[in-house]
Amino acid sequence: GLLMALDVPQERGLGHLDQRYLDGLEVCRFPLLPFLQPLPLDWMYLLYTIMFLGALGIMLGCCYRLSCMAFLCPYWYLLLLDKTSWNNHSYLYGLLGFQLALLGADRYGSVDGLFRPQKRNAHVPLWNYALLRAQVFIVYFIAGLKKLDADWVGGFSMGTLARHWLFAPFRLVLSEELTSRLVVHGGGLVLDLSAGFLLFFDATRPLALVFVTYFHCMNSQLFSIGMFSYTMLATNGLFCRPEWPRGLLARCPPWLQGWLPSTKRPQPSPDCHYGGRGARGGLQPRQHLAAAFTILYVLEQLFLPYSHFITQGYNNWTNGLYGYSWDMMVHSRFHQHVKITYRDGLTGEVGYLKPGAFTQSRRWRDHADMLKQYSACLSRLLPRYNITQPQIYFDVWVSINERFQQRLVDPRVDLVRAPWSPWTPTPWLLPLLVDLSPWRQRLQELEAQLDGHTDTVFIADFPGLHLENFVSEDLGNTSLRVLQGKVLVELVEQQQNYTLQEGEGMQLPAGQYHKVHTVSPEPSCYMYLYVNTTALELERNLTRLRELRERVRNGTEQSPLPPELRPLLGEPPLAGVPLDPVVSLFLRREQREHQRERESSLAQRLRRFLRRKFFLFRRRSVSKPPVPPVPHCPPRCHHCPCSALMTLIALRNLALGRPSPERLAQEVAFASWR
């Protein structure tokens, strides 16, 4: 596609930085607090092990309070260690872990109950249920309120989701556009707003369980969101009557009930206040404290998603860090290009960095606070490459919810020395051009008018700024057309300038740089139209091969095929005859199409799903925090997966010492096998 902003030659930038990062020598991190740093790698694996044992202890009700702390402390440490891994789901897991540490979730079917009779089959205070139910209700309801955003209601947030195979039944009776607006956006809005209420009342709970289960099962296939869908499915039981597990176990055969938790009535608990005739005195201080905590916690959770007027430094085009606002799937982004420019403070030499140098994350592109952290990290690392007093400039082009591509930050500001505070707005953040939002319908109409070989990119830019662009040789038919405002197009090599106003356009030469200056007092809007002539010619050749094969098979082709085309009929290539690259590509495409057809059944989808999960747990853990340099690993060991095997290797190293580098390299290769 079109290359937004110039793609500088390798010798002008620091192209070798990537290998330095892969070798684990320099890494940029994005902690919430500056003093948070990762532990050495083996100790990080030990931390994962402690967190796993804590989760296991919570599940079994074994050493419950200790297990809660063993899970909670490492989890929040890892969460705060890397802002780029934040999302609403990981935040919810931390909240649930915090709540479980305060609740009596070890009273039924727990290991602790086997050794402590006062806990065995005892009542659980109702405020425990109220707290968990309130948390789940807030997740649903606030997510629904966030979806009242005009972009979601208008159907621009998840515009292409209706094309997924899961919505094929709806597309039998609705168009793709109506499926997107009514089912994806309308259905998601209504379900989030109503799910909490429907789950709360006995009369509507069965219907709510059906729709909520269907909703989360769909989400597990639509999005890569880890365990969130399954976690929300598990929370459905919180809204049912507390005795429903006993009724379920009572239906089991008598020989099995002896191995299961008791189905008898629970015994009274000193943590509960029963009232009425069974009351044992008045309310105790801890019960007053529990009630006050429940009320304050719920109020705090209702306030936090709307507290962005306090932490204004984290506000960008969307409010706050993506992680605790429950604005799930409301905003979709498409990044056309990111350019990082550095300038030597003494010599004035200008160079360019590959986006993502020293880090694997891409979340920093959307958040001013992370851009500030990234620039500060680069300013510390670049002097090692003979760049003194570096100045760092970012040019980030992004489209949010199908709007124009536009800049996120001012590319003229050196972010190393730019001010930033969590309590005040970021001055070098450019505003979202919401006045151009009505253009989205028009942009969709313009795209619908294009043929299958023409693509387009819609650009909006601010007065006084310019876009520097390079048209690849493959894009032999590229033109620019102004939709609004006034621009000046500078052809760099030809040293010619052309002024274009609304409705005017021009052809752009391929293989050359050009600059588009916005000279109107208001923001300009323009579009690139381009045809990838190389890809178009390739498609034509593949079509000719497909037609030729059909003619040979049905007998209408009289002339014999040359040896280099015989593989089209399934024959092996002759010895000494090289396989034509186009024929090879054609055969690979055919093989992929046949493979998709074979794997389209439900059984095959299930098999791929289970296989993917097996390698997920074998190769890596559910969280991927940044890790420090690894001096004892082979060159690419910084990418070693956080897996069960690697955890065992790390624990053995702590206990018995590290083996030789050769043996360690073999173990890492085995753990990374797929």
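This is a predicted model: local features need pLDDT of at least 70, side-chain atom pairs count only at pLDDT 80 or more; totals for chains, interfaces and linings use all residues.
Local features were taken where pLDDT is at least 70 and side-chain atom pairs only at pLDDT 80 or more, while totals for chains, interfaces and linings use all residues. Residues are numbered from 1 along each chain as its sequence is written, and side-chain values use heavy atoms, with hydrogens and water left out.

Helices are DSSP runs of H or I with at least four residues, numbered from the N terminus. Two packed helices are described by the angle between their axes and the distance between the axes. Helix α2 (residues 41-60) packs against helix α3 (residues 64-81) at an angle of about 135°, and their axes lie 7 Å apart. Axes are lines fitted to C-alpha atoms over the stretch in contact, and angles run from 0 to 180 degrees between N-to-C directions. The two helices, α2 and α3, are therefore oblique to each other; angles under 35 degrees count as roughly parallel, over 145 as roughly antiparallel, 65 to 115 as roughly perpendicular and the rest as oblique.

Contact is defined by heavy atoms within 4.5 Å. On the α2 side the contact includes M44, L47, Y48 and I50, and among the α3 residues that meet α2 are F71, P74, Y75 and L78. By class, the contact of α2 with α3 holds 16 nonpolar, 3 polar and no charged residues. Here Ala, Val, Leu, Ile, Met, Phe, Trp, Tyr, Cys and Pro count as nonpolar, Asp, Glu, Lys and Arg as charged, and the others, Gly among them, as polar.

A salt bridge is a side-chain nitrogen of Lys or Arg within 4 Å of a carboxyl oxygen of Asp or Glu. By this rule the count comes to 18 salt bridges. K147 and D192 form one of them, with their closest N and O atoms 2.9 Å apart. This pair links distant parts of the chain, K147 lying in the loop between α6 (126-146) and α7 (150-153) and D192 in helix α9 (residues 176-200), 45 residues apart. K147 is buried, with a relative accessible area of 5%, and D192 is buried at 6%; buried means under 20% relative accessible area, exposed over 50%, and partly exposed in between (1.4 Å probe, protein chains only).

The side chains of D151 and R440 also meet in a salt bridge (2.9 Å, N to O). D151 is in helix α7 and R440 in helix α16 (residues 439-448), 289 residues apart. Both D151 and R440 are buried.

R107 and D106 form a salt bridge at 3.5 Å, N to O, and both residues are buried. A network of salt bridges links D106, R107, K119, D271 and R286.
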